[in-house]
Amino acid sequence: MKRAYAFTLLAVVLWTTGPVGSKAALLAVRDGDSLTPTQVAFWGVGVGWVALLAVLVARGRLSRLRDVSARGWLILIAMGGFGWVGYQVALNFAYTRLALPDALIISYLNPVFVIVFQGAVFGRVVRLASGWEQEPERKGRPSFGRIAAGLALCLLGVVMIATGGRLSSLGGIRSVAGALAALFGGLAWGVYSNLGRFVAVRPGRSPRGMGDVQNFAAMSVGLALMGVGL
């Protein structure tokens, strides 16, 4: 139990220091040039990829990549696009246009999007590509109306925080593009978080305990996509 709390604390520290490091990297200028949002995302994800690779190799789990089916790799490619390209690059772009707290406040709508994409509609769409999900659809999900109302309430909360309660100042936002990028980052993470339950495995293979392997595969896809873009 103590070990679990220690890992949770480490995750919180890394999650909170990441944006600060990204903002600092974006502000750094060398020989008159600064890093682009994609470059910062590439090197940041690359460091995590190396660390996760070392863990998988040490635990002998890298071979589990062979358990993923061909259709499962389609979902992993989507996870790489949304979670390790869309989310990272969009947030870094937002950091270049907005103050760090403003960008984070907007992007931290991601828990709301995680819940929104728990809905049955998202599952039906994704299964067209995957044909499989790890767990059956749960009963008792909130209705579309409740989800929409909750999302609208959260968006109103973000607006109130961003404007200091002065809604009339909303039109004077420093960068609409930056705010939209931060919002897309939250949406992309919500999609990424829900795609993991649709990664199909080969017949006879167990889908349990694949989280770290899925993250590694998605990070690999994200790095490849960003590498091509760079």
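How many nonpolar, polar and charged residues does the lining of the largest pocket have?

1. The lining has 24 nonpolar, 12 polar and one charged residues. Here Ala, Val, Leu, Ile, Met, Phe, Trp, Tyr, Cys and Pro count as nonpolar, Asp, Glu, Lys and Arg as charged, and the others, Gly among them, as polar.

2. A word on the source: this is a predicted model, with local features needing pLDDT of at least 70 and side-chain atom pairs pLDDT 80 or more, while totals for chains, interfaces and linings use all residues. Numbering starts from 1 along each chain as its sequence is written, and side-chain values use heavy atoms, without hydrogens and water.

3. The largest pocket holds about 1500 Å³ of space. Its lining counts 37 residues, and the closest to the centre are Ala 11, Leu 14, Trp 15, Gly 48 and Trp 84. A pocket is an open set of points on a 1 Å grid over the protein atoms alone, where a 1.4 Å probe fits, with protein on both sides within 12 Å along at least five of seven lines; lining residues have an atom within 4 Å of a point.

4. Two or more lining residues come from each of H1, H2 (37–58), H3 (70–97), H8 (176–195) and H9 (211–229). H1 gives the largest share, 11 residues.

5. Overall, the protein chain has nine helices and two strands (DSSP runs: helices H or I, at least four residues; strands E, at least two). Along the sequence the pattern is α-β-β-α-α-α-α-α-α-α-α.

6. Of the 230 residues, 36% count as buried, meaning under 20% relative accessible area with a 1.4 Å probe, protein chains only.

Note on methods
Points joined across faces, edges and corners; volume = space filled by probe spheres on them. Buried < 20%, exposed > 50% of the residue type's maximum accessible area, 1.4 Å probe, protein only.
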